[in-house]
Amino acid sequence: MGRILALDYGQKRTGIAVTDPLQMIASGLTTVQTPELLDFLESYMGEEQVERIVIGEPRRMDNSPSGIEAEIRSFIERIKKRFPDLPLSRQDERFSSQMAVRAMIEGGMKKKKRRDKAAVDKISATLILQSYLSSKEL
């Protein structure tokens with residue numbers, strides 16, 4: 001089995017999380033500047049077997065796509081061109097950033113560290129991945 005990799009795509013930076021090879025545990029991996037994301041993915045997949053990519057699907061409360069969705073779809077087309085055989089899934093990511101901050105607070109993280117947007121993005125990617133894994137089990 002290969003890993004599942006999740007992305008919390010953002011205009012400036014993207015949070016990345018991965019599963020263990022048995023696809024049981026989601027862990028935050030890193031945060032990458034979005035313009036460097038495809039190169040990072042190519043390098044990572046050269047070292048690790050990735051079975052699927054899950055990309056967060058941001059939606060508004062009325063279930064309409066958020067403003068960044070067009071950018072995400074463009075990025076998905078670039079992923080499909082670079083990795084044509086790699087399956088790709090989308091996962092609802094509503095509230096992932098708020099849940100990430102709440103997890104940081106409940107985990108006792110200091111306020112200064114909670115202001116680190118990269119940490120929030122990485123935790124958000126982990127929540128997206130965990131949500132995907134949970135929905136897959138149903």
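User: Where does Arg3 sit?
Analyst: Arg3 lies in strand 1, residues 3-8. Strands (E, at least two residues) and helices (H or I, at least four) are DSSP runs, numbered from the N terminus. This is a predicted model, where local features need pLDDT of at least 70, side-chain atom pairs count only at pLDDT 80 or more, and totals for chains, interfaces and linings use all residues. Residues are numbered from 1 along each chain as its sequence is written, and side-chain values use heavy atoms, with hydrogens and water left out.

User: Is Arg3 buried or exposed?
Analyst: Arg3 is buried, at 17% relative accessibility. Buried means under 20% relative accessible area, exposed means over 50%, and partly exposed is in between (1.4 Å probe, protein chains only).

User: Which residues does Arg3 contact, leaving aside neighbours within four places in sequence?
Analyst: Among them are Val18, Thr19, Asp20, Pro21 and Tyr44. Glu48 and Val50 are also in the list. Contact means heavy atoms within 4.5 Å.

User: What joins the side chains of Glu48 and Arg3?
Analyst: A salt bridge, at 3.0 Å from N to O. Glu48 is in the loop between helix 1 (37-47) and strand 4 (50-57), and Arg3 is in strand 1, 45 residues apart. A salt bridge is a side-chain nitrogen of Lys or Arg within 4 Å of a carboxyl oxygen of Asp or Glu. Side chains of opposite charge can pair when their charged atoms come close.

User: And Glu48, how exposed is that one?
Analyst: Glu48 is partly exposed, with a relative accessible area of 29%.

User: How many salt bridges are there by this rule?
Analyst: Six.

User: Which residues are linked in a network of them?
Analyst: Asp39, Glu42 and Arg82. Asp39 pairs with Arg82, with the closest N and O atoms 3.3 Å apart. That pair links distant parts of the chain: Asp39 is in helix 1 and Arg82 is in helix 2 (residues 69-82), 43 residues apart.

User: What about Arg82 and Glu42?
Analyst: Their side chains meet in a salt bridge too, at 3.2 Å from N to O. Arg82 lies in helix 2 and Glu42 in helix 1, so this pair ties together parts 40 residues apart in sequence.

User: How accessible are Asp39, Glu42 and Arg82?
Analyst: Asp39 is exposed, at 52%. Glu42 is partly exposed, at 41%. Arg82 is partly exposed as well, at 34%.

User: New topic. Which residues make the nonpolar surface patch?
Analyst: Met1, Leu22, Met24 and Ile25 make a patch of about 490 Å². Patches use residues with over 30% relative accessible area and no salt bridge; like charges are joined within 9 Å, and nonpolar side chains (Val, Leu, Ile, Met, Phe, Trp, Tyr) within 5 Å. Accessible areas come from the Shrake-Rupley method with a 1.4 Å probe, and for residues only the protein chains shown count as cover.

User: Where is Ile25?
Analyst: Ile25 is in the loop between strand 2 (13-19) and strand 3 (26-33). Ile25 is exposed, with a relative accessible area of 52%.

User: Zoom out. What pattern does the chain follow?
Analyst: Along the sequence, the pattern is β-β-β-α-β-α-β-α-α-α. There are five helices and five strands.

User: How much of the chain counts as buried?
Analyst: Of its 138 residues, 41%. The chain exposes about 7900 Å², and carbon and sulfur atoms supply 51% of that.

User: What share of contacts with a separation of 6 or more comes from residues 24 or more positions apart?
Analyst: They account for 61%.
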